[in-house]
Amino acid sequence: MNSPADLRPPDFDSIVDAARLLHGVAAVTPLLRSDALDARLDAAVWIKAECLQRTGSFKFRGAWTNISRLPAEDRSCGVVAYSSGNHAQAVAAAAMLHDIPATIAMPQDAPAIKRTRTEGWGAAVRSFDRNAEDRIELARALAEERGCPIVPPYDHRDTIAGQGTVGLEIASQCRALGIVPDAVVVPCGGGGLIAGVATALKTAMPGVPVHPCEPAAGDDTKRSLEAGRRIVLTGPVRSVCDSLLADTPGELTFEINRRTLAPGIVVTDAEALYAMRIAFGDLKLVLEPGGAVGLAALISGELPCRGRTVVAVASGGNVDAEIFGRALRDPDMH
């Protein structure tokens, strides 16, 4: 699916160029702080609110960058993508804004809100059974049938470069505030967001550790970092964090992450849901479970932060009302 050029890691200049492509199209999301949250954790906690990004997650950055860098003749017939929801919405929106069609392979159990919004952006959705069908092979078949390119959700240098603009903004916003974080924690599925953020921060804020955070049931990146090679999880990966269900890190993303990341962190589903409640109460943010795992790492103590300054990326807010309601009302969550 990827050409050899696609599997070259993006450099800092590529991320800066992605920021240029995104200027005026994507939101520069705020870095938020809450007195209540700081008091709760006895720390200075800053939340990078990508839940407020166009289409409700950081994914728009990578989708727009990837599609914008495609030669016009390659994208004229449209694009194909595969996604559980956030990348689907992002590709659908970016394609509509480029005035080209999009076809998205989405698992049958993807949250209804994500499918509805993907279709709302004008994309055609092809459902599949994530436990019985290979999403990449399905995407390849759809792309061949339509004669159009695939926009990968993470394992592509242009997608990673777009996601890396989150890191550029964190560095710029921290400089404006006069702070240097002791750590940055980032939700991690296939690893594209954190690969981009770590690449950006390696130059823009050298020496600041960047930790991946995953649900306990989907800790492929943590295990892979510890093993020094890509680990494939066995059996279905099931978690309320539907956006973080990769069973192995991406080939390109892991090549970047094994060289740049601090140790991985895992949280339980209950901790992710509890973090959603805290984000809503203390910051007035609506997060999806996968978007809340970085904050959950701080609240749970998995990443000690007392007396420290920490940035947590809140990567998305596309959550079904049922799950959000469960996060707000379940008294036994934490």
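Student: In what sense do strand S4 and S5 pair, and over how many bridges?

Tutor: Strand S4 (residues 102–107) and S5 pair in the parallel sense, over five bridges. Two strands count as paired if DSSP finds at least two bridges between them. Strands (E, at least two residues) and helices (H or I, at least four) are DSSP runs, numbered from the N terminus.

Student: What kind of model is this?

Tutor: It is a predicted model, where local features need pLDDT of at least 70 and side-chain atom pairs count only at pLDDT 80 or more, while totals for chains, interfaces and linings use all residues. Residues are numbered from 1 along each chain as its sequence is written, and side-chain values use heavy atoms, with hydrogens and water left out.

Student: Back to S5. Which residue there is the bridge partner of methionine 106?

Tutor: Serine 127.

Student: What sheet is this, and which strands are at the edges?

Tutor: It is an open sheet of three strands, in the order S3-S4-S5, with parallel pairing. The edge strands are S3 (79–82) and S5 (124–128), each pairing on one side only. From one strand to the next, the twist averages 20°. Angles run from 0 to 180 degrees between N-to-C directions, with axes as lines fitted to C-alpha atoms (for helices, over the stretch in contact, meaning heavy atoms within 4.5 Å).

Student: Which helix lies across S3, S4 and S5?

Tutor: Helix H7 (residues 135–146), running at about 170° to S3.

Student: New topic. Is S6 mostly covered or open?

Tutor: Mostly covered: five of the five residues in S6 (183–187) are buried. Buried means under 20% relative accessible area, exposed over 50%, partly exposed in between (1.4 Å probe, protein chains only).

Student: Which way do the S6 residues point?

Tutor: Ala183, Val185 and Pro187 point one way, and Val184 and Val186 the other. In a regular strand, side chains alternate between the two faces of the sheet.

Student: Which strands pair with S6?

Tutor: S9 (residues 309–314) pairs with S6 in the parallel sense over three bridges. Valine 185 has alanine 312 in S9 as bridge partner, and valine 186 has proline 212 in S7.

Student: And H14? Which residues are buried?

Tutor: In helix H14 (residues 321–329), they are Ile323, Phe324, Gly325 and Ala327. Their cover includes helix H12 (269–283).

Student: Why does leucine 328 count as partly exposed?

Tutor: Because its relative accessibility is 34%. Leucine 328 is also in H14.
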